[in-house]
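Please read these notes with the model open beside you.

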Amino acid sequence: MKFVNGTASESYDVIVVGSGAGALTTAATAARAGKSVIVLEKSGLLGGTSAVSGGMLWVADNHHAREAGITDSKEAASEYVRAVARGRGRQELLDAALNFGDQMLRFVEEECGLRFIFLTNFPDYRQDLPGAMPGGRTVEPELFNSRAALGALTEHVRTDGRAPFTMQEYETWGAFTKFPWDELNERQAEGLVAKGQALVSMLLASLVRDGATLVTGARGHRLLTDDGRVTGVELETGEIIRANDAVVLATGGFEWDKALADSMLASRLYTMCSPPSNTGDGLRMSQRIGGQTRGTREAWWAPMSITGDLRDGAPAGTLLRFERQGPGSIMVNRHGRRFANESQNYNDLARSLQSWDSAGNQTLNTPAHVIFDHTYLERYGILAHRAGDPTPAYLIEAPTIAELAAKLNVAPAELEATVARFNEFALKGEDPDFGRGESAYDKYWGDDQNPFPNPSLGPLQTGPFYAMEVVNGAFGTNGGVATDGFARVLDVDNQPIEGLYAAGNTTENAYAAGYPGAGATLGPIMTMGYLAGRTIAGQSPEYRSPENRGSQDAALVGSVR
């Protein structure tokens, strides 16, 4: 156990187990209310999965949208999320996330010092569903000088290992071949961080200002109870820390525990990009004292490739974005046929790798591959690989489509026919088979400088041709400990366990199986963390109607200073 900020004590008002955005939002909210807080991180680095994420927050009907004159409503967002989630999930959690999302956002901005970029034109992921918006529900962290704010503590913050660029810049520049690398190297030298690392660093800066204690190398093992109330945490080492007010479980998902994942998830998970410390610790700690479990079939699914990337020394997946969305690439199944709109959001695309037929047999979409030609490689690159470099082991190369098919154990005639049909329509800017390039979301992730009519579509014409395997991956699981709308852990009789709260991927998510837009992981997670912190501090907020938000929110912020 290593204290990276604060001092050791036998007890604290609030013990937070985990250090992702949900954990840190809980801790920062409680600390702002004057509570003594300790954050216990299992690994050697703070930030959890949040620190290696895009750092975006999906917050419906937020004040940035209102200030920009964008009309949104909680009712429209609720209709949309229910449609995305296919009616699953609990209304209590959905209401909590939607009603208090903007209060959370204002709080972390005004009280904790977080700064965000408002993305006016980032579309919701399912533009075909009622209540979707063409933009205005997503924010992301500004660039943040972590070195200046945190000093030596910066070394203890997890990073995704990438240069400091915002997601807005990524979406503007598209492929990595278009990035201003000299400028990005200068930012890194100055100590600037971006995306999830910026979000986590800003929350940590707030905790440091309020004197919170931050500890790494501290794995929670067992909850201490007294007459049904949770009173502390026993660490794996046997050390005991007492909680005067509450313990908060926020240890991430269980995706890295293969036995748990195989027994609970609806589909096989082949790779993850989260830290390997996510092994379900919080779930087990809750279960040992009778905590209820919900929603464990789901994860934040995403199509990934296994390219040799490591996370804390363990093999980790690489998320595919532009590699499958850029004009001039397609995805095919084991028969050499396209099976989905490659440009759709990652969560829904990954589900097409998991589908089952009416007889209960998994459909033959896997193994799947992204296919592209040399023109694509020259124009965009693929991940870190550039044209002219030696072909990496994760790419299969062949001079013709037929020879590529043979290497993939696919009938050459099938793959040739697939590419020929796709090319015919791509030249016209159409995709009659799967509608790629029709939605605002597809176009947003395309290339505005594409020489062909549709920013999402381009032909595969110039050899050599390449293939990269795609597998079913996830950012993390998103089910587990059941809570009420104030993040209080529920027992098997739906009663709150006194003194115990939970937030983040440790818990059943407010959006259930749905993924409404960019930041739909962190938006509700931080909102539930905020509600946990306010409830622990005895300051449970009430929902404010749109017409009364201004004055009431000002009073809310002032009340916790």
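**Notes on the model**

1. L207 touches L24, A27, A28, A31, V39, A212 and L214, neighbours within four places in sequence being left aside. Contact here is heavy atoms within 4.5 Å. This is a predicted model: local features need pLDDT of at least 70, side-chain atom pairs count only at pLDDT 80 or more, and totals for chains, interfaces and linings use all residues. Residues are numbered from 1 along each chain as its sequence is written, and side-chain values use heavy atoms, with hydrogens and water left out.

2. L207 and L57 have the most contacts inside the largest nonpolar core, which has 114 residues. Such a core is a set of buried Ala, Val, Leu, Ile, Met, Phe, Trp, Tyr and Cys residues joined through side-chain atoms within 4.5 Å. Buried means under 20% relative accessible area, exposed over 50%, and partly exposed in between (1.4 Å probe, protein chains only). Helix α4 gives the most to this core, 10 residues. Another core lies apart from it, with 35 residues, among them L40, I241, W256 and L500. In soluble globular proteins, nonpolar side chains tend to be buried together.

3. Helix α8 covers residues 195-209. Helices (H or I, at least four residues) and strands (E, at least two) are DSSP runs, numbered from the N terminus. Of the 15 residues in α8, 13 are buried. G211 follows α8 and has a positive phi, near 75°.

4. How many salt bridges does a search of the whole structure find? The total is 34. The criterion is a side-chain nitrogen of Lys or Arg within 4 Å of a carboxyl oxygen of Asp or Glu. One of them pairs E111 with R32, the closest N and O atoms being 3.1 Å apart. E111 sits in the loop between α4 (91-110) and β5 (116-119), and R32 in helix α1 (residues 21-32), so the pair ties together parts 79 residues apart in sequence. E111 is buried at 6% relative accessible area, whereas R32 is partly exposed at 24%.

5. K74 and D95 also meet in a salt bridge (3.8 Å, N to O). This pair links distant parts of the chain, K74 in helix α3 (residues 74-84) and D95 in helix α4, 21 residues apart. K74 is buried at 19% relative accessible area; D95 is partly exposed at 22%. A network of salt bridges links K42, R219, E236 and D281.

6. D61 deserves a look on two counts. Its side chain forms a salt bridge with R66 (3.5 Å, N to O). Phi of D61 is also positive, near 50°, in a residue other than glycine. D61 lies in the loop between β4 (57-58) and α2 (63-67) and is buried, at 7% relative accessibility. R66 is partly exposed at 32%.

7. D312 likewise has a positive phi, near 55°. The residue is in the loop between β16 (310-311) and β17 (314-315). D312 is partly exposed, with a relative accessible area of 45%.

8. Now the voids. On a 1 Å grid over the protein atoms alone, a cavity is a set of points where a 1.4 Å probe fits but cannot get out; a pocket is an open set with protein on both sides within 12 Å along at least five of seven lines; lining residues have an atom within 4 Å of a point. Grid points are joined across faces, edges and corners, and a volume is the space filled by probe spheres set on the points. There are 8 cavities of 30 Å³ or more. The largest cavity is about 80 Å³. Its lining includes L93, T483, P524 and M528. Helix α17 (residues 522-536) supplies the largest share, 3 residues.

9. The second largest pocket has a volume of about 320 Å³. Its lining counts 19 residues, with E171, T172, W173, Y444 and D448 nearest the centre. Helix α6 gives the most to that lining, 4 residues.

10. Two cis peptide bonds can be checked by eye. One joins T366 and P367, with omega about 0°. The other runs from G463 to P464, with omega near 0°.

Notes: The expected span of a helix is 1.5 Å times one less than its number of residues.
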